[in-house]
Amino acid sequence: MSNSQRRGFLAAVALAAAVALPLVVAGASAASATTEPKIDVSGGVTQPVFSYADAIREHVRVESPVDSDGDGKKDLVRVDIIRPKESNSGLKVPVIMHESPYYDVPGVGFEIEQKKYDADGNLTKFPLFYDNYFVPRGYAFVSVDMIGTRLSDGCPTSGGPSDVLGGKAVIDWLNGRATAYDDKGTPVKASWTTGRTGMIGHSGEGALAIGVAGTGVQGLETIVPLAGPSSWYDLWRANGTLTDIRRGQEWWATQADQDPDEKCAAAHQRMNEGSDDATGNYNAYWRELDYRNGPISKASNVRASVFPVVGMQDRNVMGNQFSEWWAALPRTVQRKVWVTQYGHLDPFWARRQVWVNTLHQWFDHELMGVPNDIMRRPRADVQLGPDRWITQADWPARTRAVTLRPQQDGSLGRKPSTGAGSYLDTRQTEAAMADNPGTVNPNRLAYLTPPLETAMRLSGTPSVSLKVKLDKPTANLGVMLVDYGTDTRINYDEIGANPHRAYGFKFLDAEDCIGESTADDDGCYRKAVDNTVTSGFHVVTRGIIDAQNHRSLSRQTPLTPGKPYRITWNMLPQDYEFKAGHRLGLILTGTNADLTFTPDVEPGTGSEVTVDLTGTSISLPLVTGAAGGR
């Protein structure tokens with residue numbers, strides 16, 4: 001054993017001692033294993049030795065510190081619990097917690113599952129596979145109805161403080177710092193748990209995990225946010241432009257809440273006024289919903305380890321939701337990440353067996369203190385294409401900045417530029433803007449490199465700098481980085497009979513089962529594979545900004561028509577390999593219809609944008625050394 005391996009092993013053993021879990025490691029004597037209920041570990045992972053069918057099923061309502069519906073009472077949060085029956089006989093177990101706003105509408109997971117209850121109000125069906133798989137291995141699983149949804153009190157606030165503090169209250173209860181009640185109003189203690197909790201969830205559920213972790217709450221040991229937003233401003237906005245429907249915060253809340261509208265009318269009014277669709281500016285309201293540096297939750301307060309999964313082609317929770325939060329975390333935070341080329345995807349549907357095995361080892365290490373090697377592996381798994389994954393020490397990879405400049409002749413290279421070009425800010429799809437780059441199009445400018453002599457890999461966040469003049473006080477300035485060259489790629493952009501294909505996968509007519517089952521809860525799910533397409537070009541990443549917000553996202557500064565301005569901003573992050581023989585394309589355009597989903601939100605300003613090529617460039621973080629990682 002090397003010194004580094006020895007240090008890792010000793011650290012894991014110390015963690016196991018600290019959490020005081022009764023572990024039986026393979027090879028222990030039978031006599032010692034039968035004196036009291038114990039968790040069985042073999043091969044570096046916990047084993048399924050506890051009965052799922054006989055597990056204890058119960059529910060409580062945890063008192064939160066908030067009154068989100070203004071009824072004069074603290075909101076109670078509904079918590080459904082399943083745990084090994086041995087946890088009533090002295091076994092202390094850690095907790096995997098899934099808090100969701102989706103249990104009513106539309107349901108959770110890509111098979112749209114909902115809860116089922118028995119006559120006593122306890123769950124016979126827990127959505128998703130976490131209970132089926134982890135309860136037999138010695139975990140409790142708790143399924144939490146977010147405040148304002150399903151059986152919890154209050155009003156959902158689309159990422160607001162009460163959403164976050166409701167989840168935090170459950171962590172506090174699991175660690176003896178908050179009060180919960182049964183159906184008769186009798187206080188209930190979580191005497192069966194170690195208090196060590198991991199949160200996991202997809203999309204808005206992932207946001208709850210990020211938000212709760214950013215409070216610094218003790219007892220939350222790890223989070224696994226899957227395509228989870230860290231800023232609700234960036235969910236509905238992109239540098240001052242609106243990227244989704246108007247009144248989106250209210251719409252999201254009413255989708256999650258099935259109570260009459262009048263119950264939460266005051267909360268809806270606050271959302272609509274605060275979100276300020278008229279300007280698209282970042283303000284005090286949005287700062288409350290900022291988990292990177294907000295007043296309730298901030299990345300610098302995170303104590304828990306983190307294992308996010310991000311789809312770099314996600315048009316809903318875009319890649320900067322991950323990258324900016326990841327960069328803001330304290331360096332002391334233990335972490336792992338999967339960076340994919342999918343859309344808004346839970347990896348259970350893309351790389352199922354690898355994902356379940358990795359998640360199992362992660363929770364065992366972080367919550368059980370099992371001395372496996374999960375932290376000694378490379379930190380980042382990166383997908384470069386269909387069935388092509390690499391690992392590397394961190395994300396982004398080690399890179400150097402390479403600046404490319406558009407040329408008057410339509411080329412893209414490293415030499416200084418001269419000349420100018422112009423286009424109109426109209427609403428166009430990405431396919432229309434990227435297609436046929438050699439033809440004249442009044443709605444875009446296109447510039448291409450020569451064919452690449454060797455492969456080139458981008459890892460991180462590109463930035464673009466434009467020197468422009470407008471004939472109106474503002475325009476939506478759009479930019480795309482395109483890979484021109486025929487290849488088979490993940491098809492994240494197909495909407496058809498199966499809407500999940502837009503995420504980059506497609507269902508098969510077959511199932512597999514994860515964990516144990518009962519009549520109501522079988523733990524079986526459809527298999528899925530990558531949805532691919534062979535295409536002649538691919539939009540790798542993009543960026544957009546309302547030119548009025550070039551100085552600040554918090555206030556608009558209209559441009560003086562005819563006056564030149566230098567406007568610089570970050571594009572969305574990416575990790576992508578351009579193959580030898582392909583060409584890089586820089587497309588300058590206006591309103592991106594693929595980022596602004598409904599025409600009434602951002603129809604395009606009609607401004608003429610004149611671009612001075614002398615002051616225009618794109619900076620790419622390109623990987624140094626071998627492109628393939630290790």
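In this predicted model, D487 and K579 form a salt bridge, and their closest N and O atoms are 3.0 Å apart. D487 lies in strand β27 (residues 476-490), while K579 lies in the loop between β32 (574-578) and β33 (583-589), so the pair ties together parts that are 92 residues apart in sequence. D487 counts as buried because its relative accessibility is 17%, and buried means under 20%. K579, at 36% relative accessibility, counts as partly exposed. Elsewhere, salt bridges that share partners join R78, D80, K115 and D145 into one network.

A further salt bridge links R315 with E430, with 3.0 Å between the closest N and O atoms. R315 is in the loop between β17 (309-311) and α10, and E430 is in helix α12 (residues 430-434), so this pair ties together parts that are 115 residues apart in sequence. R315 is buried, with a relative accessible area of 13%. E430 is also buried, at 3% relative accessibility.

K263 and D259 form another salt bridge, whose closest N and O atoms are 2.6 Å apart. Here K263 is partly exposed at 30%, and D259 is partly exposed at 31%. The count of salt bridges comes to 31.

By type, the lining of the second largest pocket divides into 11 nonpolar, 7 polar and 6 charged residues.

Definitions and conventions: Residues are numbered from 1 along each chain as its sequence is written. This is a predicted model: local features need pLDDT of at least 70, side-chain atom pairs count only at pLDDT 80 or more; totals for chains, interfaces and linings use all residues. Side-chain values use heavy atoms; hydrogens and water are left out. Ala, Val, Leu, Ile, Met, Phe, Trp, Tyr, Cys and Pro count as nonpolar, Asp, Glu, Lys and Arg as charged, and the others, Gly among them, as polar. A salt bridge is a side-chain nitrogen of Lys or Arg within 4 Å of a carboxyl oxygen of Asp or Glu. Buried means under 20% relative accessible area, exposed over 50%, partly exposed in between (1.4 Å probe, protein chains only). Helices (H or I, at least four residues) and strands (E, at least two) are DSSP runs, numbered from the N terminus.
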